[in-house]
Structure formats: C-alpha cells, structure tokens
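Colleague: I'd like to learn how to read a model like this one. Could you walk me through it?

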Amino acid sequence: MPQKGYASERAASERAAATLRERMRRLLLASLASGLVAALIAPVARAAGTPDARAAGTPAPASPASGVTPASSADRLILEPRSADTLFQIEAHFPGEDAPCKAKRTPPLRARYRGRIEIALDPDGRLSILDRLDFSDYLAGLAEVPPSWPREALRAQAIAARSYALHSISHPPPSARARGYDICATDRCQVFRGAAVELGAFGERWREAVESTQGLALTYAGRAISAFYFSTSAGHTRTNADAWGTTPLPYLRRVRAYDEDAPLARWTARVPLADLARILRAAGRWSTGAVTSVTVVRGGIRIRGTGDARTLSKGDLRGALNDQAPCEIPGRYPGEGRAGRRLPLTVPSVSYTASQEGTALVLRGRGWGHGVGMSQWGARALAARGWSTARILTHFYRARLERTPEPRTIRVLAAEGARRVAISIEGRARLATGTGGTLATGERFEILGGETLEILRGAGPSLAPVLALTSSLGPQTLPPGATLTVPFTLNRAARVAVEVRAESAAPSEAAPGARAEGSFEAGDGSVEAPLAGLAPGRYQLALEAFDGIDRVRTREVALTIVAPAPPPRARHGDGSGRWVLAAAMLSAALLAALIFTRRARRSRTRA
C-alpha cells in the first residue's frame, strides 16, 4: 500500500510531469520547424540507465532533476525477454483506486511476469497489459488453490485448469479475438498471478503438479472440456443448466462434493433491520422509512416497513447486500465466519435460508462460488482420504482423462483499464514500440495513458511492500554446534530464510553454509538457524521473507559463538607435588612404626 501522503505527493508529481511534457512538445514542434529532429531524438534513445526517480513508496516530481527522461510515444510498448530467466516486475494503477467506498476501489496490480509483455493503449486512453508466455509457465502462474495442499489435489487442479485453458483457446469470445488474447487473468476466467506463484511459498509444489501432469486433460467426444471449478458447495455440485440456465453440458453433473469441512461449508450473516434499510436504500431497493419485518414468501423474501414494502429474490437481496453493505457500514460487513475469520462477501452464495430473529435478518447459508464442476475443497478432502488424481476428476466430471496436444504459448489479458503502469526489468530484454521503433534497454519505465502512450524512463514500481515479517529474537551467545530456533510472524505465506554473516563482512556476504530457507503459511512460525560449522567469533543474524513479489528483512541481531572453556590442568614448577609425596611417605612410616611398637609390647606381655 502507498505510504502516508502518497496521494497528495503523486498529484504534485503528475502536475509537474504534465508541465514537463508540454514543454517538450513545444520544443519538439520548434525543432521540426528548424530541421533538428534527429538531434533531439538521438539523446533520448541513449537515455538508458538514468537513476530511479523515487524512493520506495515516495513519488518525486517528474522534472529534469529527478532523472526521469521521456523515452518515446507510440500505441504500445513491447518487452521481449532475451533469456529464460528474464522477469518483468509490474505495478499497474487504476482510476478506481480513490473511490469513496474502499470495498469498490480497484487495488493496484503488483506482479512478476515471464514472457513477452505488451502495454497497449486502448481507444479510451486506458492501458491494457497482455502477456504472451509458454503454456506451462501460464499454468505455473495460476493462483487458484494454496500450493501447500495435498499433492493429488494439486494435480487434479492442474489438469482441470489445463482443460479449461485449452477449451478457452478453441472457443474464444469475440472480444478476446478482436483484442488478440486467449484468456483473461481474473476469476472470470482463471486467476493468473504470474511468476510470483512459483517463486513464492510452496511454489515448487505447484510447479511439480503442472509438470507431472503435462499433456493430461479432461475430454469429452475427443475435445477438451470447459472444466469449471469453484471453492465450496452447498453439499452437492450443480449442473450448468441449474446455475446459469444454459444448455446442459453432458460432462457437468450433480454429485456429492465432500467439502463439509471447508471453512465456508456453513456460514451465517446477521443484518440488523436498521442496517438493512440503509443498505437497500443505497442499492435503490428501498424508498423511505424503517424496515419492520422480513418474511419468506414464494418467489423471494418480503420486506415491509413504515414507508415501503418490497419482495426481492434471493439473488437480488444477495447482490444488494454484497454491493452496498461494505460501503455503507465497512466496519461490520462482511461479517465473521468460522474461527473469527471475515467472510469473503457479506453473503457468500445464493444457497441460504432467511428468517427474522428479533430485530435482525439472519441468513444461514452454505458454500462459496457457482457450484459447477469440481469443488476445490472437496478435491482437497478426497486427496486427504487417499483418492488418486484420476479418481477425483472422474468423480466430478463425466469425462475422459487423456493425453492432449498443448499449444506452445498462450496470450493472457493480464490487466485492462489501467491509467499508469510501472515496470522494472529483471534480466536481459529488448524494448520496442508498436510502431517499430526500438528503445535502448533500461531497467525501469513508467507508461502513462491518454491521447498517446507516454513512456518515461527512470521511474518504476514504488509501492511499499505488503508482506510483513517480524521476529522477537534478541542478541544470542552460544557455544559452537548449538541449535538456535528463530521465531517469527508473517502476515501472509512466504519463503523465510535465516542468514548469518560475520560481523566484519558486508551485509550481502553470508557465512559459508549459514543460510536456511523454508516455506511457511501466514501466522507464527520458526526456523532453525544454521550454526553448525561456525567458528568462534561475532556474527550478525537476520531473517528474510519473499512471497514472489515483496522481499523484506528483519533487523540484524548480534550472535556470538564462544570457544569452549579448556579442561582444568595441574600446575607445574611450584614444588607442591613433591611436598604431597613426602607427606604421604612420612605418614606411611609413622603408621608402620606404630604397628611395630604395639606388636613388640604384646610379645613382652606374653613372655
């Protein structure tokens, strides 16, 4: 999220940038008149490597002193990777970020993408991001289930996602065909978050699920099916005809979902009648006065009040509550579900019963999602029971599991409607404009929409990290070979590494072998510090977390490895040993004399 004061600073920055661009346009027009165009364009093409114009989260005015150099204007910017390891860190901002209702704001997009990236200027002056990448990399970038789930559930999800993508490629909607993409990146299609998925916590498990099922898809009549899936059911899955009223598809059927233990298998939403009137009024579903009663009638829910009476369908009531409740009363809606966790929506699904309890409308429901195809939580439960991938899939789909040709690449509409896109290039890349001009390679760019595409070199992603990592560990003094457990707290799943460096070494120079890493869920955790082999001395220890987007570190703490105390040794050279020996010999002689004297006396007495 932006740091405090970001909005006002950004406004000043954009005003300064607008002034600079206007001056440059005037200068360019003057140059055209005098025939000096080439002299102006050449320095621009050599402007790569200009310093970053911003500290993290703190925008700076786009002035010559800031280091931001206008690079080019065209209808699109194309970024071609020059190596398999090249990544593009992208930060996109949308007009809805400042909406009065926080629940309706469009949050910035923060992602890392592989492949060929195009930033295109749309007819309305907004920006779209298209990513053309390897089909396997696309699947590895899907964020549909936690990659920490059981292996067979991950494999089932990978095959369902592959089948859905193959069907989408062969059945593109007219808008996708016209704009040159195969599939979108939101939950309208499949949620695609790019390389951050495989680079983040447990990402190698999801990549393994994709690679181990390569080429496997669900088919019906020899073609890949539209393998819908969802989070949690109301007990059984639904057919597409039941959910959407569309022509029944033979491979989508009603079956038991086995997701009774899912977090949203059962939920309750409680809405006081006073809140209900306010929310419905904001949604245009109530005219005036208080709501006094709620009853269930045929065809929906009857709402009566002092100035109005309405009958709403379950879907209309759900839509009004989900759309307006978080805006009108954001601290209360959505409410809490199981284990004190906030519900994803005020009313997660249309599968609910309604009743009035006292002065409140109470909705008791089941599930989350459309209910068609495979229940993801059901697949997780069946995998935990020991079901195989094939058995899970053929339970939810009436389809065959078989080898199917995959395309080499897929075109993804990663985002649309952006007003500004910032890019940081990680690796080698070639930059070109849609009109054929080539830009010198640089590390950071900012693209602005409008009448033309404005490309500014030197500005890049600047939002503060969302990932947070804390640790309560203090200075430590330990013997060689000791075990140190380092506690920490994460606000989201991430890879956590503990690093140890010699006190005299640079911060980036970890001691040999002194790094350990693992994947962890959000919450409290701990990791073992790699102390074996550390020689006695002074060190600095820190934790680092990485979720595929943000990389954060804790403060360093002092670690001292002390040498073991030597065993006690006898002192030599002071003569004490000889005196002890002499005393022992004298004692023995006296004892012998005493014994001899007593025996002599006994002998004389007998005589």
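Predicted model: local features only at pLDDT ≥ 70, side-chain atom pairs only at ≥ 80, totals over all residues.

Colleague: How do I read a helix pair, and at what angle do the axes of α4 and α11 cross?

Modeller: Axes are lines fitted to C-alpha atoms, for helices over the stretch in contact, with angles from 0 to 180 degrees between N-to-C directions. The axes of α4 (residues 151-170) and α11 (residues 376-384) cross at roughly 140° and come within 7 Å. That makes α4 oblique to α11 (under 35 degrees is roughly parallel, over 145 roughly antiparallel, 65 to 115 roughly perpendicular, and the rest oblique). Contact means heavy atoms within 4.5 Å; α4 contributes Glu-152, Ala-153 and Gln-157, and α11 contributes Gln-376, Ala-379, Arg-380 and Ala-383.

Colleague: Is Gln-376 buried or exposed?

Modeller: Buried means under 20% relative accessible area, exposed over 50%, and partly exposed in between (1.4 Å probe, protein chains only). Gln-376 is buried, because its relative accessible area is 8%. Its contacts beyond four places in sequence include Trp-149, Gln-157 and Tyr-229. Across the protein chain, buried residues make up 45% of the 607 residues.

Colleague: What about the nonpolar cores?

Modeller: In soluble globular proteins, nonpolar side chains tend to be buried together. A nonpolar core is a set of buried Ala, Val, Leu, Ile, Met, Phe, Trp, Tyr and Cys residues joined through side-chain atoms within 4.5 Å. The largest has 74 residues, and Tyr-397 is among those with the most contacts inside it. Helix α4 supplies the largest share of this core, 10 residues. A second, separate core of 27 residues includes Trp-267 and Leu-343.

Colleague: Where is Gly-436?

Modeller: Gly-436 is in the loop between β21 (429-433) and β22 (438-439). Gly-436 counts as exposed because its relative accessibility is 55%. Between Gly-436 and Arg-76 the C-alpha to C-alpha distance is 9.9 Å, although they are 360 residues apart in sequence.

Technical notes:
Residues numbered from 1 in each chain as written. Heavy atoms only, no water. Helix = DSSP H or I, 4+ residues; strand = E, 2+ residues; numbered from the N terminus.
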